[in-house]
Every structure is written in C-alpha cells, then in structure tokens.
Protein chains: 4
Amino acid sequence: MNFRSDNVTGVAPEILDALAAANREATATPYGGDAWTARVEARFDDLFERKVAVFPVATGSAANVLGLTMLTPPYGAIYCHVDSHIAVDECGAPEFYTGGAKLVDLPGANGKLEAGHLDAVIGAAAAGDVHHVQPAAISLTQSTEAGTVYTLDEVAAIAEVARRHDLAVQMDGARFANAVVALDRAPAELTWKAGVDVLSFGATKNGAMAAEAVVFFDPARAEGFGFRRKRGGHLVSKMRFLSAQLEAYLTDDLWLRNARHANAMAARLAAGLETVPGLRFRYPVEANELFVEVPGAVAAGLEADGFLIYRWQDGPDPLLRLVTAFSTAAADVDRFIASATRHAR
Amino acid sequence: MNFRSDNVTGVAPEILDALAAANREATATPYGGDAWTARVEARFDDLFERKVAVFPVATGSAANVLGLTMLTPPYGAIYCHVDSHIAVDECGAPEFYTGGAKLVDLPGANGKLEAGHLDAVIGAAAAGDVHHVQPAAISLTQSTEAGTVYTLDEVAAIAEVARRHDLAVQMDGARFANAVVALDRAPAELTWKAGVDVLSFGATKNGAMAAEAVVFFDPARAEGFGFRRKRGGHLVSKMRFLSAQLEAYLTDDLWLRNARHANAMAARLAAGLETVPGLRFRYPVEANELFVEVPGAVAAGLEADGFLIYRWQDGPDPLLRLVTAFSTAAADVDRFIASATRHAR
Amino acid sequence: MNFRSDNVTGVAPEILDALAAANREATATPYGGDAWTARVEARFDDLFERKVAVFPVATGSAANVLGLTMLTPPYGAIYCHVDSHIAVDECGAPEFYTGGAKLVDLPGANGKLEAGHLDAVIGAAAAGDVHHVQPAAISLTQSTEAGTVYTLDEVAAIAEVARRHDLAVQMDGARFANAVVALDRAPAELTWKAGVDVLSFGATKNGAMAAEAVVFFDPARAEGFGFRRKRGGHLVSKMRFLSAQLEAYLTDDLWLRNARHANAMAARLAAGLETVPGLRFRYPVEANELFVEVPGAVAAGLEADGFLIYRWQDGPDPLLRLVTAFSTAAADVDRFIASATRHAR
Amino acid sequence: MNFRSDNVTGVAPEILDALAAANREATATPYGGDAWTARVEARFDDLFERKVAVFPVATGSAANVLGLTMLTPPYGAIYCHVDSHIAVDECGAPEFYTGGAKLVDLPGANGKLEAGHLDAVIGAAAAGDVHHVQPAAISLTQSTEAGTVYTLDEVAAIAEVARRHDLAVQMDGARFANAVVALDRAPAELTWKAGVDVLSFGATKNGAMAAEAVVFFDPARAEGFGFRRKRGGHLVSKMRFLSAQLEAYLTDDLWLRNARHANAMAARLAAGLETVPGLRFRYPVEANELFVEVPGAVAAGLEADGFLIYRWQDGPDPLLRLVTAFSTAAADVDRFIASATRHAR
C-alpha cells in the first residue's frame, strides 16, 4: 500500500501487452524510422487537432529540459514556480542542457504561477541590457506539484503575459492526463489554443514503463530538436518499444481512463480524510496528489500499519504527500482512511 | 531478413518475460531503490570478480558519454579511433557532456587503436601547457566498429600507455558480449585486469529492449556519477524495468548465449560469402559484423531479393555492412549466401 | 561630475606611468612568463603573508566566474546574496563557466549574507540526494553591493558555516580595497585567516585600467586554473601590461591610498547629505557607495545641475546610487551636497 | 633580439599615447557607452565600406570563439586547418564557448584550407542526419599560421563552398593587417566582398596592448552577441581604453604601416637566410613569419649569440619559427642573418 508517488507503480496491462505485440515483429528500423513511431505521430496530430511535431523520450527530465532548450538562448531566463520540478528536482539539468540559462523561481499560491506577478517580474527584467539574463520562457506544471490544476483561464492569462513580453510557454505535463480529466476539456484547448508552445506529455506516472513525449505545437519550432535529443543521449535505438507504449497509452482512451481512476482515488481519499479530526489540507485536491498536515501520531500510526507515505516536510505535525495512481485500489484507500481515523483518536 | 544492424532486432524472450515478471510486484521504490537494481549490482560484482559501481541507463550514447565525463576535465583530450561511435555517431554528445573536451581521433588498422601510435601521439601532446587540451583518457571500442576484437594483449598494451601518461581507459562495450565470446576469456580479464577503468556494458544490441550499464571498476572513481546521470536526464524513475532487463540478460548466461549465436551467424555468413567470387572483406570477421565490398550488381540483387543491407560506402562496388544478432536465423544466413552467389555469377 | 559608478573613472597616474615603463622593455615573454608577473606573484605572497597562487585577468566578471569554477562541480549550488553581482549582473556567466551550477540567491539585510540563515538553508539542502544540486560554495561580496562591509566576525561566522557543511568560500573583492581600508585590518585577516578560499582581488574600480587577480590561498586548490583561464579566452598575451598595473597598484600602498580617498569622499558626501531634509539612506555608508532615497525634485535638480547619478530604483522618490572613487574631487562632493540642499528646499 | 613571436613586443608609441590621451577625460560611460567606442564603430564602417557591427575585446582567443559562437549551433561542425589556432592553441575554448561544437581539422598545403577538399568533406558530411554534427562554419586564418596568405581567389573559392552548403565563414585575422599589406587590397575586398561573415580583427600582435575586434559584416548576424561577450566575461568596464587602442591603430594607417614594416623585416630576413647554405624554408614567406629548417648547430649558434628563437619542431635539424613585428629593427635582422651565416659554415 504505497502512497508515496505515482512512479512507484508498475506498467498498465494494456501497455505491457503492447510491448509484447511490438516484439512479434522480428525487426524494425531503429531510431524512430519504424511503423509504431509513425502511427504515434499521427495519433498526436489527432489528439491535438493539428499537425504537431512529437518526439518520444524515456524520462520526464529529458522531456522537460530538451523542450526548454528550444525556447531559450544560453543567456535566457526561464520563469517557473519555486516548487516546480525543473527548479527543484532535476539536479541542474535545465542549466546543463540550455548551456547555463537561469531559472527564475517565483512563489505562487497552490503551486501555481500567477499572471499578474509574472507580468510585473518580467516587466522589471532589463530586456536588452547585456548585464542581465534575458526573459525567454515561462514554464508551467499541469497538474502542479501541489496537486492542483491551472484553469483554462489561468493558463491563457499566463500565456498572454508571455506573448506580451515575447516569451515562449512550456508546459511540464508529467501529470497532464490528470489535468485533462480534472478540467474535462480537450487537450488542444488546454495547450496550444491557450498559448502553450511546447508540452512535456507524460505517460510514465500514469501507466507507461518509461515513455514521455515532447510535443511542439508549431512544428517549425522543433527545428534542430532531433540533434539535441541525440546529443543528450536520448534517442533510443529500439524506438518501437517507446512508441508502442505511447500508442497503447492513447488507444481507447487508456490515458484518460487511468487518470480518471487516479483522480477518483485521490478524491475518495480526500473525502475520507476530511472527516478525520486534526488533519489539515495544504492545497485543494484537484488531481491525484494530496498534501495533508497530520499529527505525528497519525503519521507514525499509518506507517506502523504498513502504509508507505512521503513525509514531505517533517516535524511534530508532518506534512504528508499522498499520491494515487491508475493502479490504486479503492480498498487500499479505504484502509488508509480507516487507519488514519483510528490513529487520530 | 534485415542484416543492417543488431539494433533492428526485438527483445529476447527471456528479457520480455522478466519485464512481465517485474510488473507482478504492484509497487517498487523508484530511481533504483528497488530489489531488482540491488540484485543487478550484486550480479555485476560477481561477473567482474570484484566490487564495482554499476549504473543502468537506457542508451549506449548515455553510457559512453556519462562514463567519459568522469574521466576528463572540460579541457581534456580523449583519444579514440577515427571510426569510433563517440567520434562519429553521437552528434557531439561527448563534447556536450564533458563541457567541451576534445576527441582526438586516430587512424588504426581494422578499427583498432594501436598502442605505439597512441604513445607517440600522447607523448607529443603538450602536457601541462595551458594552450592545449590535456591528455585525459583513451576510449576503446570492444568489439570494434569494424567487427574486429582487440586481443587481451592489445588492450593491456594500450592501458599500459594510458598508465604511463596518467590517463584513464574507457571501453565502449556496446558489443562487449561479442568480444567476450570471441576471446573466450573472463570479463574481468578483458577489462580491469587489463587496465580498463570504465566500461559501457551493452545489452540492447544483444537482446535487451533498452538497457546498458556503466561499470566503474574502482567504485571511488564513480563519485558524483549519480548526479551526472540525473542531470543528463538519464535516471529512469521506474528503474526496476531497466534492472530487470539486465538481470535477465545475465541470468543463465543469456548474454553469452545470445552473443555466441550472433558471432556464429557472422562466421557462417563469412564462410559462405568467402566462396562467392568478386567479394572482398575489408576487415577480419571476429565478432558479429562483416564489411564486404561487393559488385554493384550483387548489392542490387540482394536488395531485390528482399534483404535489407547497409551500404556503408556507396559506389560501383559498394562496401556493405552486414550485422548478425542473437535472433538471426541460420536459414536467413544461408538464403543470403545463396542470393549473393546467384547474383555474383 | 559623475557619481554613477567607480568604473567611470580613468587610470591612476601611477598605473599609467607603470604601463609606459613596462613598454620600455622591447620584448617580454608573453602569457605571463615575464618579469612583471613574477614580481606580482611575489608581491601577493607578501601581501597575504603566505604562499598564494595568483592569476591576473582583465575583468571582474572573469575573476569571479573563473574562481567559482574551481569550487563547484557542474551540479553544485553556490549560495550568494540576492543583490550580488554574480547573481544579477553577469548575464549568466557563472552558470556558463561552471557548466550549469545553480546560484541560490538569499536575502540579507544591508547586502550581506547572514551566517545563521545560510546554515539553515544549506542544512536543509538534500546533500547526497541525486535529485538536487549539491551545496558547493558560498560567495561573499566585500565590500558589498550595498556599500556596506562585512566585519571580520561576520566573515568568520559564514566561513564556519561553510566548513561545517564542507563548502568553499569565495570572496568577490571588486571593491576589496575599500573594505580593507574600512576595517583597517590586514588583508590576510580578512581573507584566508577568516576562512576565505578564493578572492577576486579587484583593481579596476580603484585605479587600474583593466586588472583584477584571482587569488587562491591554498595553491593546491588552483590546480587546473590555468587551463580554465585560457579556454575562457582570459589569458592575455602581453601579460606584462596587466601585471604592471597590479604591481603599481600594490606599490607604496597605492591601492590603500586610493581606497582611503574614495571612502573618505563617500563619508564626506554622506555627512553632507545627512543634513539635507527629505533624504533617506537605505544602508549604512561604510565604503564608497551611498544608496539614498531622494525626492524626485532633488534627483531632477541634481541632474539639471549636471551631476550624473544612477537612479537605482526609479519612482516618485527615486533611490540613487552614488559612488565615489580614488579620483573624486572633494570640491565636487561639496558641490553635490550644495545642489542637493538647494533642490531639497 | 627576440624572434619568437609578435606577441613578445610592446605597445606602439602612438597607441600608448592614445591611452594617455584617453585618460585625460576624468570620467566616461563604462561598458562601451563612451565616445571612443562610438568613434571606433564609425571607423570600422569606413574601413570596410559598409555598416558593420563591431565589438572590441581584449584577446584574440575571445574574438575567435565569440565570433564562432554566433555561427554554429552546439551540434555544429566547424571546418578549420589542422594547424589553426582554434584547433591547436585555445585549450578547447571553441568547444567551451559553442557548447560543444566539433572542430573538424583538415590538412592543407602551406597552412591553407583548399576549396575542393572542403567541398568534398562537407559534401560527405551527413547533413540532416541526427547522428552526426552538422556542417555550420568554415574558419580561415589570414595570414595563416604558416606565414602564408590566402589569395583573394582562394578566399572567394572557399566562401563559395560555404555558400553552396549553407555554411558561414569566419576569418581569424590575428594577423589580418599582414595579409592586407601582403595582398595590397582593400579590407572590404578581402572579407565580405569575398564572402567572409565574421572577422577577428587583430591589433595586439601588431602594436596594441590588448585589443581585438569582432566584426560582423551583416549587423543582423550579431544579434545576441553582446550577451555572449558579457557572459564570457569579456565586456571590459573601462572600455574607452580598449577602443582608444583601436582608434589609434586605425589612425593615419598605423596598422598598415606597422604591418608593412613587419612584412618587410620578414622579407629581409628571408632574403638573407636564403643565401645561407643548409637552410630549408618550409613555406613561402608571405607575411611576417618564417618557418626554416636549420642544422642543429645553426640553431644552437643563434641561441648562443643571444637570439631568442622558437624551436617549432625539435630534432637534429630543428624547424624554427621566426616572427618579425612592427618593432623589429633592421639591424637585428641583419645580425641574425650574419649569425646564421657564421654558424652554417
């Protein structure tokens, strides 16, 4: 009963089957010249209701930093939330890949950047002054690291700020599916129609083995990306097995079904925990993550009962991060609530 | 009937089974804190008869460049064969990862560096002179890009040159298994006992889906590697599926059995083609690659018969690269020989 | 009457004379193999009361970033003040030179980092966790960008934090002379005896044409620096003219005399402006910079009177930065005070 | 009597005077916002008979690598002569600044690249193939490291190859003046009219203290250069002293007069040495450098007589590099010839 993260999960059966199916073909052209990759490319065009340029990679780190590399010169500034993955959890990968661009990390309630604040900060940056890094891109995380979801209006407002200052917009969509499900809107609306230029389309946390895709909504913007992926060491040779994961992920709405389940489990967990006295939610629960401050005894009790939880911030009343996934069992959620309730007494 | 490369192949059944088996565990600690990875680490200790530091990654490019990064300062020189993968086929990945180290590419018969030549070149490099990049490492490919194999003595002689000049030795072992089988010596003898410091231990071309390992024979030398892998975007989150591939690869000598088959198919193909008039082998066939100059009509005939071949150098008498693999069928080899024979008349 | 910065100044006569004198020798070994450089090296040993490794460069940017490069891996974190030059005014040079290290910029009263805060921040950084950049160095600016000066105890306390967490300490001494004069302590006490590892020893702002020196108090720490200076393009060929500037700068305490004058002019200016109604000093005036909030009419009046001032922050009551230098005339200071007084009425 | 290099020289009196004159102005706007820099910019427009973008820097290394950075992506290939400064003498600076672009060094008689060879090599490069670095620029050295000079036709032919393959052309003009004088053609003809995109316009070796200029013939191509210069640490604060050198250098044809003298001294030395038995010139003497193979006894004798010479390649018959400069005395040249003659007996 592991609620630590959605990357503790295994592979969705449909995706594992797709790998086996892809293996039935004796040989395939490597490096993406295969039929699976061609089909995945067409799928993404359909999904986003336009011709896009899409590049599968094996990790979310790679998707984010390779995408950002296309949006900033080495002397650029990338504006992001102070808790964003690129700012905190990539060991400097964005700086490495971009040749030294600067992440300007900004605060923001509920894990979200705020358009007005961005506008002020970027407006105050000395555009054109050689002494300072130059505003180049804004990076949003959707759904956020706080388990919240930018509304369509919020995304559009931020993209409008970007446009005003001639910046590009990248979206870290490691949990994009959870946001799509939460907002119940078309992927196109949530991205390019709202002003997003590049999306890291995550699949790993939501059922794939190791598969993400970098999506450029304007294919012209992707010029040279292939070289950067290759020299990052991220061009997988037996690409069919990466593309096959993505293909299965998009087939029969698996990605949405998986995310719907994960979000539903999070809602069920939230609903249950809300009835437990002494617990305080740090953020609204809008996707598949919960941040709950609990009495130390509750945390210890849950652990003693065998639940694996992430003490996001430790202390007398630790802040727990609880993550649900496509594979989370409702019974486990209920057991978790029962355990928390018992220890809260 | 694809003889273009060993990365056109699929996944060995034992490895696909291992992935399915790994998926039976509902959850696992991500980023390598799982049981599969722990077991793989122990396996590599056994395999190399000493405590090693081993890091799974998904691509051979990543294995090579991350390994090299530990051996050279940004102002270092890495000596390699002019046809080596790092010099030719990585789109500048070594330069990117090392922060700008210089690959000094040297000629050498049969795809091999030659110790005496290396000694002269490195001796003539201006060690200590700030105007010039500083000798830092030698990179060997085993088996080579020419389908040949360094003998134990050749490796040792090169490592001795390295030691004399205080350089490190990296081995690109994308096809290491083929060399081990060809030489019929223990992996330890072929590597650290001969003076190799870091090995890119390849599995993908020989039956894995996407799995390689960077092996440091002196674990102290690996200090900081984890950070570099992470910021390269090469720390896979659901690591168990990478480690499970490597575990299966090493189980019951699958890696050696697969390589033995590939080499045997290459030998069979070579023996057959040697009887065909008008064909000229460019290099001795010692592992699983053949380089054969054939009359244009033969190349065209083979293609017309449905064989996928790699015209390595085009021309009236094109140079073909033919690669066999763990999954190459003897019947296909025989058909290839028959086709070549027919068209050579 | 330019109070905008100390780099609007020309060259101290003694230093210009030294350039002419250095030119009397027809030829000299380039790249630092000359007699001037040898003498300067000895001078620095004397100045700092120990054997040091010293490297002249032409710009303060180069001094800072090259020095920092020796203290951090590419995946390191450098802790610095939010207003520090490396954080704000180098267009990403530190990130470029270090290969992507992260500047963690911290607030702090009066332009200074605070030891306790540093300790907390560094203690909370996840040392050893591959997901995060690793604490590597602390950078202090002495005197600070706020025109204040770290006391000896403050430097020592910060260095103690560094030592506790195994970090190195760099000091940006673009205005080091002003601090030495302000504190009236030996350079050795202010640096290595207090725990500083590397110093950017500035001369340009205090009378040189273009000359700074990177000083490593432990020469072993400088290993490889020469290569980094060269590949940064910062190894000047006719080095005697760089070293001659530094030699003259240190001769007969020119550097201290110049700084003493600059500080005295700042004190005189501060004393005068303190009597002007409606002016508010942002920071204590301890070196050669003043930050004063003035009514808009005063700022406009000063400008109308021909004074060149730096509107550090604009607004109805702009914040002015006023900088004095070795060449500032007392009469100009008095005129400035008179003008401000007149316009403040 | 130092014939080792032209950077052993001091500063031309006119340039030293200009520095003193520039110092008479009490203050000046830093970082290039000064009158000297504005005048220099206008001068370069005149000199090259078109609007150019010009950026002063202090070293030739900086000029070259910053210029190249504008012409290549990190995954680009720069074609250069195997003996070029960027390939051999910059300790990897080009790789560092470009983020890892690859220098492809090519042989060529008399230190020159050959258009036909370039065409073949670039034509064989796999443009568009993600596995390989992409042809981006050609770098010429004029006059060459061999002391020869590309003819106008040779430059134009190489530029034509560049244009055909969509590459840019950079010219390392550390000794550009010597080539202009040797060819007796307008600077415009030798550069942009022949197809050169960016020029490192050298002054240091020919009389300046430390001054070079990066010249973009199409100012649009320079977009972003200012940021790159700054983050390289190459934006000098008291820029007037850099620009003043360049202004004096261009005034009254000082640069041409100096180069004419240097070339004349080289011709005089060559004429004298041609009469000495046993000496063999490696390359034609066309600018201010001579490469002469001499009997060991002659080399030793010259050294014993107090001549400082550069043993470019040592051996029983060492290859000497002899360089003349703006300050070389004819009497010293004659003494050198006499000494060589005496020892050759």
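Predicted model: local features only at pLDDT ≥ 70, side-chain atom pairs only at ≥ 80, totals over all residues.
**Stop 1: chains A and B**

On chain B, 42 residues are in contact with 42 residues of chain A. Together the two chains bury about 3800 Å² between them, and carbon and sulfur atoms give 57% of that area. Now select Phe96(B), Arg231(B) and Lys238(B): these supply 21% of the area that chain B buries against chain A, more than any other three residues.

How many salt bridges are there between chain B and chain A? The count is two. To see a salt bridge that links these chains, show the side chains of Lys230(A) and Glu90(B); their closest N and O atoms are 3.5 Å apart.

**Stop 2: chains A and D**

Keep chain A on screen and bring in chain D. Here 18 residues of chain A are in contact with 18 residues of chain D. The area buried between chain A and chain D is about 1500 Å², with 67% of it coming from carbon and sulfur atoms.

**Stop 3: a pair of helices in chain A**

Hide the other chains and select residues 296-304 of chain A, which form helix α13, and residues 330-344, which form helix α14. Their axes come within 8 Å and cross at roughly 135°. That angle is why α13(A) counts as oblique to α14(A). The crossing of α13(A) past α14(A) is right-handed.

From α13(A) you get Ala297(A), Val298(A), Gly301(A) and Leu302(A), and they meet Phe336(A), Ser339(A), Ala340(A), His343(A) and Ala344(A) of α14(A). Sorted by type, the residues of this contact are six nonpolar, three polar and no charged.

**Stop 4: a pair of helices in chain B**

Switch to chain B and select helix α12 (residues 254-274) along with helix α14 (residues 330-344). The axes of these two come within 9 Å and cross at roughly 20°. Because of that angle, α12(B) is roughly parallel to α14(B). Here too, α12(B) passes α14(B) in a right-handed crossing.

On the α12(B) side, pick out Met265(B), Arg268(B), Leu269(B), Gly272(B) and Leu273(B).

**Stop 5: backbone details**

Go back to chain A and zoom in on Gln142(A) and Ser143(A). What kind of peptide bond joins Gln142(A) and Ser143(A)? It is a cis bond, with omega about -10°. Ser143(A) sits in the loop between β4 (134-141) and α7 (152-164) of chain A. Jump to chain B and you'll find a cis peptide bond between Gln142(B) and Ser143(B), also with omega about -10°.

Next, select Glu49(A), in the loop between α2 (35-48) and β1 (53-57) of chain A. Its phi is near 60°, a positive value in a residue other than glycine.

**Last stop: a salt bridge inside a helix**

Finish with Arg164(A) and Glu160(A), whose closest N and O atoms are 3.7 Å apart in a salt bridge. Both lie in helix α7 of chain A, four residues apart, or about one turn of the helix. Over all chains, the count comes to 88 salt bridges.

Note on methods:
Residues numbered from 1 in each chain as written. Chains lettered and ligands numbered in written order. Heavy atoms only, no water. Axes fitted to C-alpha atoms, helices over the stretch in contact; angles between N-to-C directions. Parallel < 35°, antiparallel > 145°, perpendicular 65-115°, else oblique. Left-handed = near helix turned anticlockwise from the far one by under 90°. Contact = heavy atoms within 4.5 Å. Nonpolar A, V, L, I, M, F, W, Y, C, P; charged D, E, K, R; others polar. Buried area = accessible area lost by both parts, 1.4 Å probe. Salt bridge = Lys/Arg side-chain N within 4 Å of Asp/Glu carboxyl O.
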